[in-house]
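Take a look at the structure below.

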There are 2 protein chains.
Amino acid sequence: MREVAVLGIGQTKVDEHWDKSLKELAGVAILAALHDSGLAGAEALYVGNMMSGPANHQQHLGASIADWVGMRYTSAMHIEAACGSGAAAFRSALMAVASGAVDSAIAVGVEKMTDSPGDEITGQLATAADADWEVDQGLSFVAINALIMQRYLHEYKWSKEDFGAFSINAHANGAHNPFARFQEPITAAIYNRSGMIADPINLMDASPIGDGSAAAVLVPLEYARSHGGSRIIKIIGSSGATDTIAVHDRRDPLWLTASEKSAKQAYAQANVTPQEIDLFEAHDAFSIMAALSLESTGFAERGQGPRLANEGAILTTGRIPISTRGGLKARGHPVGATGMYQIVEVIQQLRGEAEGSQVENARIGMAQNIGGSGSNIYTHILKVE
Amino acid sequence: MREVAVLGIGQTKVDEHWDKSLKELAGVAILAALHDSGLAGAEALYVGNMMSGPANHQQHLGASIADWVGMRYTSAMHIEAACGSGAAAFRSALMAVASGAVDSAIAVGVEKMTDSPGDEITGQLATAADADWEVDQGLSFVAINALIMQRYLHEYKWSKEDFGAFSINAHANGAHNPFARFQEPITAAIYNRSGMIADPINLMDASPIGDGSAAAVLVPLEYARSHGGSRIIKIIGSSGATDTIAVHDRRDPLWLTASEKSAKQAYAQANVTPQEIDLFEAHDAFSIMAALSLESTGFAERGQGPRLANEGAILTTGRIPISTRGGLKARGHPVGATGMYQIVEVIQQLRGEAEGSQVENARIGMAQNIGGSGSNIYTHILKVE
């Protein structure tokens, strides 16, 4: 496999972008990434998106966006893995360059959710769950996560308030990120009195939807060495793994097996241990997911994710900083775009461009993007050369 | 790039499969392909599908189908390029194996269209066209193709009846294919008196929708050589190219530039000329598309596609047989599955397993899958070793 590096990154603010169509939104991130890379275009385009069909009445985003950004005739396709679509697109772009089929590829994640009424969006998000056995029982995504969190509290004897530290950390970091949907810190008091959505998940446990796009330009490492300027960012680990789509089919609903498998494969490929990871962009769609991710990736013992949060280990000054640019919670969660935001944010950290929430001397960063309720998980590890 | 071969193929009949869910349908093809390959599973799964979100209220097909076929934990994702989704999934599986990231991958195309009312399906198909500039004007897919065909008749002085030979050939071949939706030959009289849908496209110019799934197992060529039995099928060319999503944005609406580009790249990679291709599974969603494909791939002169059909060159005994197992017209067009049916059918021909419509001494076959109205086109060339 040919080694691959990221030469450029771009993103839009996560927001309500009512003045931009889906392809315009993707275009902003792609053109910013191209500008950052110094390239005028790329040989392939991979578009991560979850629900443009129902939400925007537009599929076929590969052709649509390639043309819009001035890459007419370029090879392009749309990649979907529910909320893991962004990282799945990144992995596809990586394969294309690693195989030698192309010498440059763009991965972009894009989602435009705020044009649709909330009840429609809830239904569209539910297409990532099992239509036959979860959704038909009336389960929405927040309800599935509430069941998991309820069981977690019971099993490991944590209180609901112990999860506040995840949200407080995410909002503290998001306050320094001009691309974050929410740029204000919150307090424990705000967390504790925020409205309940699906017991025990309250508003401050849940990430907000939004419109947004983030992109990266991938090239062979050799090319980056001669054109990449002072800081070369290598992709040293990439893996994806699935689990049952329905949570009730799992032997243990409190263990993210797909996360464990993809992380272990990525560590092995990168030849690093969890102790060598300087920051971790975790998929904190709900605070319970941040806890479970820390455990399945080897940063926390089983059932002890909240301990890391409450001990301050997840702060930018801690042992394993997470959500360093706000995470899904504060930066926002435009579902099919999220995985690419995570990649872009890891690279900002590795380049030393994460002003206000910079992790000192960050050299190896990890991003993990989760599709469904832990059913399709991608782990990427990047390193400063 | 590591060389890649196809070790196994499988398919379902294109039909109204009201007794099977989407994942069950995909499972039939995947398990048949695995059985054919002698493998129990694969390291990666790529699912080509266009519209399971709106049509089946189920996205996230990677995780859903991987688990269903006994490949829980396998890396899996969904690939979409409108009606080109099947070939896009095949190309993605090829990249994964070619890069060395995995040693086996399954590509499956699946679509389940007949559960939805016809008017809903027409709207869902239209998400492959330009939502802002085509669909908003009331253009459906058949209407767009009718405009193209109308212009073609005017420009090149063909009569509508000259297109009957495409449909007659497809149905003659489909009559021998147990997996085809329509297994009865038609006559020129039937073609000429069949009902008009969108002038000049009549019912016999248009491919039928349907439910169906087709799959292939890809492995490194070296592995196939030691495990593949007597006939090894190599993938010697693969390319994808896009064009404007809206037909009116093209300089020449009668020329499939994306087809030309992807075919030329595939020929170059395979180191073959059109003259060396023994059969061509063309994307005859409408008979006008069969004509345009023959021209843009170099088999016919510009404006002369219908001549090949009327001279018998497209018959299984002709110079460049097309639709050898019925094509989209008679085998059926379950949109996101079609590209994989084409691949499977080329391999049947190369293995000598196309009983009733076998092309004698077929050694090199080509498949071209078109997404949208010529806006995302994949060309694959396969060869018997």
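Contact here means heavy atoms within 4.5 Å. The model is a predicted one. By that cut-off, chain B brings 58 residues to the contact, and chain A brings 58 residues as well. Put together, chain B and chain A bury about 4,400 Å² between them. Of that area, 52% lies on carbon and sulfur atoms.

Next come the polar links. The rule finds 24 residue pairs in polar contact across the interface of chain B and chain A, with both residues at pLDDT 80 or more. It also finds 2 salt bridges across this interface. In a salt bridge, B:Lys23 is joined with A:Asp130. The closest N and O atoms of B:Lys23 and A:Asp130 are 3.6 Å apart.

Which elements of chain B supply at least two residues each to the side that touches chain A? Among the helices are H2 (52-56), H3 (61-68), H4 (85-98) and H10 (257-270).

In chain A, strand E3 covers residues 75-80, and it pairs with E3(B). The pairing runs in the antiparallel sense, over 3 bridges. Find A:Ile79 in the view: opposite it stands B:Ile79, in E3(B).

Now step back to the two chains as copies. Two copies of a chain are related by a rotation about an axis and a shift along it. What rotation superposes chain B on chain A? It is a rotation of 180°, with 0.0 Å of shift along its axis. The RMSD is 0.0 Å. The two copies are therefore related as by a two-fold rotation axis. In chain B, the C-alpha nearest the axis belongs to B:Ser99, at 1.9 Å from it. The same surface serves both copies, as 100% of the contact residues of chain B recur in chain A.

Last, turn to the backbone. In chain A, a cis peptide bond joins A:Asp199 and A:Pro200, with omega about 10°. A:Pro200 sits in the loop between strand E5 (196-198) and strand E6 (201-202) of chain A. Chain B has a cis peptide bond between B:Asp199 and B:Pro200, where omega is about 10°. The place of B:Pro200 is the loop between strand E5 (196-198) and strand E6 (201-202) of chain B.

A:His57 is not a glycine, yet its phi is positive, at about 55°. Look for A:His57 in the loop between helix H2 (52-56) and helix H3 (61-68) of chain A.

How values were computed:
Residues numbered from 1 in each chain as written. Chains lettered and ligands numbered in written order. Predicted model: local features only at pLDDT ≥ 70, side-chain atom pairs only at ≥ 80, totals over all residues. Heavy atoms only, no water. Buried area = accessible area lost by both parts, 1.4 Å probe. Salt bridge = Lys/Arg side-chain N within 4 Å of Asp/Glu carboxyl O. Polar contact = N/O pair within 3.5 Å; in protein donor to acceptor, adjacent residues only side chain to side chain. Helix = DSSP H or I, 4+ residues; strand = E, 2+ residues; numbered from the N terminus. Pairing = 2+ DSSP bridges. Least-squares fit on C-alpha atoms with pLDDT ≥ 70 in both.
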